[in-house]
Amino acid sequence: MTTYPDGYYDNWNAAKGYDRILFRSDRVLQTAELNEMQQAAQHRVRGLGDALFKDGAVLRDASLYVDAVTGQTKAAAGEIYAAGAVREVGEASFVLPLDRLVAVGIYLQEAVVTELEDPELFNPARDSRAVGQPGAARLKISVVWGYDQDGKPGDFFPVYRVDRGNLLSNDPPPTLDSVNVALARRDKATTGGTYITSGLTVAYQGAEGAEQVFTITEGAAHIDGFEVTRPTSLRIRFPADPDLQLVDVEPHTFTVATGGSQRIDLNHGPVAAIDTVRATVRIVDEVRTHGNFTNAIDPLANGSVVRVLAVNQGGTWNGTTYTGGTTYAAGTDYRLTGDAIDWSLSGAEPSPGSTYKVTYERLTTLPASAVDETGFTVSGAVQSTQVLVTYKWKLPRVDRVLLNRDGTATRVRGVAHPFTPGKPAVPPSTLLLATVYQTWTGAPTVQLDGDVVHAVPYAELQQMRQDISDLFFLVANDRLQNKAQARDPAAKRGVFVDPFLDGSMRDVGLSQNAAVVAGELTLPIVATVASATQNNDKKFTLTYTLEPVIEQKLRTTTMKINPYQAFEALPAQATLVIAVDQWTQTVVTDAHDDGTTAMFANRTVYDPGYHGSNLTYQVRKTETSIVSAGQRAAETLRPITVFFEVKGFGPGEQLSQLKFDGLTLAPAAA
């Protein structure tokens, strides 16, 4: 806080809403009023400046260079907006810490300068009685480069952000906040607002300790409509933190000879850690001392005994059994009780206090050697027994690398799964740069997603438009060439070839009497359409005889509903048969191509290989595709015989005249 000299007064308070100072002729001018005028003017200017810029906005030059290895930093001179005014700052050099996120900016250091520090502040007016007298003091603001927590005095205004030696994004000068907000709103409404304009390619660089190192190239993008610029490439580190899954007692068979070494490949991988390896081992010739009394129980030296192979006194173990000495029988002489030899049975037993040998198998933990991502090597187990392994393995996962609006890169961890790991959702106000498929075996697979949200320049759009036009031209040209080749009479060396695709290659000057069907030339079939004749019941059906299927010969009595016939006589009814005529008219230029032949044609094939003459018939399936279709009114109707029936005349009514479409008809009695 600035310490002002004695006699300094300032009554400025923005909360009071004073807009002007009204001086009066009958009042004394106060120094506090002069100071208040300056504060009011600066307050207005700051309001306008804050509406256009934000504190720390670079208006000219003031670039920053950071050595990511040493932390040596060089800041150039320039102009930066801070505390309501444009501040000029000189160049500076300093060393930044590389173990954290650092904010680099400027410090505003205030100091009051009086005539004691600057003799030019004495009154220079020689004609005044106050010449040489001290006047008003000055408030000096010094602007210096620095970074947060470097111990420098003054108010700090951050300008750049440096993450472990990597310079993050900063808006290019000039930064007009109000204009940027309007542009961002329009950009988001028209394009979505989040896309890459150039660069920002993600690549995996390798592992360093327990971290994965990625690089993001320099470039620019829009996030939520706001431009984000990365002037330099960014080197980022993410911890290699795979999700682990525990596999408890996975069984494997020890197939080599007892006591040997075997490589075991686990079912899941890559392996993070082997917790325990349990296997059955063989203890040979363990010497035990029988108790001081008969039927004693002699404990074995090890626990978790699976079975006892043999108990012998005075013999030699040959790998499978004892030779010589006295071999005791299990179940008769002794039995295994817990982890001890129980001699309480009625059979033979060693003399009390004497020693004997026991060979048995027990379950124990064995060390794992030569451990890698897929398995390990174990030694000392019994052949054909199971090796039970408890271990942790790394689950596959899909991560995503994002860019925030402030230019920092972050990672979103996905949900790990043994078979189908899920992709995490992209948080709002972020730009998806890449999807990282973590298999934890070797380098991860980086899928660049920036191309999906990459802005396309207008020049490329115009080129794409031209390419599409060229493509349509090439397709059309190819179709014309294929059609021309199909219709080409192929007058090669004087030989005429007709592929029989249609009748387009016929000689129109000659009458044609053959048909082209499915690539073959065949004789035509001419068919005519005949309507069914009309029978006695005036129905268009074939001749038939009615046969009763269901009969009801019984009936109830009847009664007249209207015995007085109290209604008007029904008019006569005239019926046309048929009232609607439907037909198909085929325009045929020649008898060979009317389609009838293709409909009825069958091929008759002579097959001499089947006991003499055998005729087989091949039914041909014809598919018709409509190339073009049109519709127009029929010029004339076809002639057809129309039957009519008139009925419903009462007694005494005589038919005087019958007309149809203005023509007089001569009815015949039914």
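Of the 670 residues in the chain, buried residues make up 27%. The structure is a predicted model, and its pLDDT averages 82 over the chain, with 85% of the residues scoring at least 70. Over residues 609–621, however, the pLDDT is below 50, and in the model this stretch has 19 contacts beyond near neighbours in sequence. Where pLDDT is low, the predicted coordinates should not be read in detail.

The secondary structure of the chain comes to four helices and 41 strands. Among contacts between residues at least 6 apart in sequence, 65% join residues that are at least 24 apart. The chain exposes about 44800 Å², and carbon and sulfur atoms supply 54% of that area.

The buried residues of helix 1 are Ala 32, Glu 33, Asn 35, Glu 36, Ala 40 and Gly 49. Strand 4 (78–82) is included in what covers these buried residues.

Strand 12 (residues 202–208) holds Gln 205. This glutamine counts as partly exposed because its relative accessibility is 46%, a value between the cut-offs of 20% and 50%. Leaving aside residues up to four places away in sequence, Gln 205 touches Val 213, Phe 214, Thr 215 and Arg 235. Gln 205 and Ala 443 are 238 residues apart in sequence, yet their C-alpha atoms are 8.8 Å apart in space.

The loop between strand 11 (195–199) and strand 12 contains Leu 200. Its backbone is worth a look on screen: phi of Leu 200 is near 60°, a positive value in a residue other than glycine. With a relative accessible area of 3%, Leu 200 is buried. Ser 304 also has a positive phi, about 55°, although it is not a glycine. That serine sits in the loop between strand 20 (297–299) and strand 21 (305–313), and with a relative accessible area of 44% Ser 304 is partly exposed. Another backbone feature is the cis peptide bond that joins Gly 269 and Pro 270, with omega about 5°. Pro 270 belongs to the loop between strand 18 (261–265) and strand 19 (271–289).

Turning to charged side chains, the count comes to 25 salt bridges. One of them pairs Arg 60 with Asp 61, at 2.9 Å from N to O. Both partners are partly exposed: Arg 60 has 37% relative accessibility, and Asp 61 has 48%. Glu 286 forms a salt bridge with Arg 288, and their closest N and O atoms are 3.7 Å apart. Here Glu 286 is buried, because its relative accessible area is 10%, and the cut-off for buried is under 20%. Lys 553 and Glu 551 also meet through their side chains in a salt bridge, with 3.8 Å from N to O. Lys 553 is exposed, its relative accessible area being 71%. Salt bridges that share partners also join Asp 241, Asp 243, Arg 397, Asp 399, Arg 411 and Arg 413 into one network.

A nonpolar patch on the surface is formed by Leu 576, Ile 578, Ile 640, Val 642, Phe 644 and Phe 660, which together have about 440 Å² of accessible area. One of these residues, Ile 578, lies in the loop between strand 36 (573–577) and helix 4 (596–600). Ile 578 counts as partly exposed because its relative accessibility is 32%. Thr 641 is placed in the loop between strand 38 (614–618) and strand 39 (643–647). At 57% relative accessibility, this threonine counts as exposed, since the cut-off for exposed is over 50%. Thr 641 and Ile 578 are 63 residues apart in sequence, while their C-alpha atoms are 8.9 Å apart in space.

Note on methods. Residues numbered from 1 in each chain as written. Predicted model: local features only at pLDDT ≥ 70, side-chain atom pairs only at ≥ 80, totals over all residues. Heavy atoms only, no water. Buried < 20%, exposed > 50% of the residue type's maximum accessible area, 1.4 Å probe, protein only. Helix = DSSP H or I, 4+ residues; strand = E, 2+ residues; numbered from the N terminus. Contact = heavy atoms within 4.5 Å. Patch = residues over 30% accessible without salt bridge, like charges linked within 9 Å, V, L, I, M, F, W, Y side chains within 5 Å. Areas by Shrake-Rupley, 256 points an atom, 1.4 Å probe, with all protein chains shown as cover. Salt bridge = Lys/Arg side-chain N within 4 Å of Asp/Glu carboxyl O. pLDDT = per-residue confidence, 0-100.
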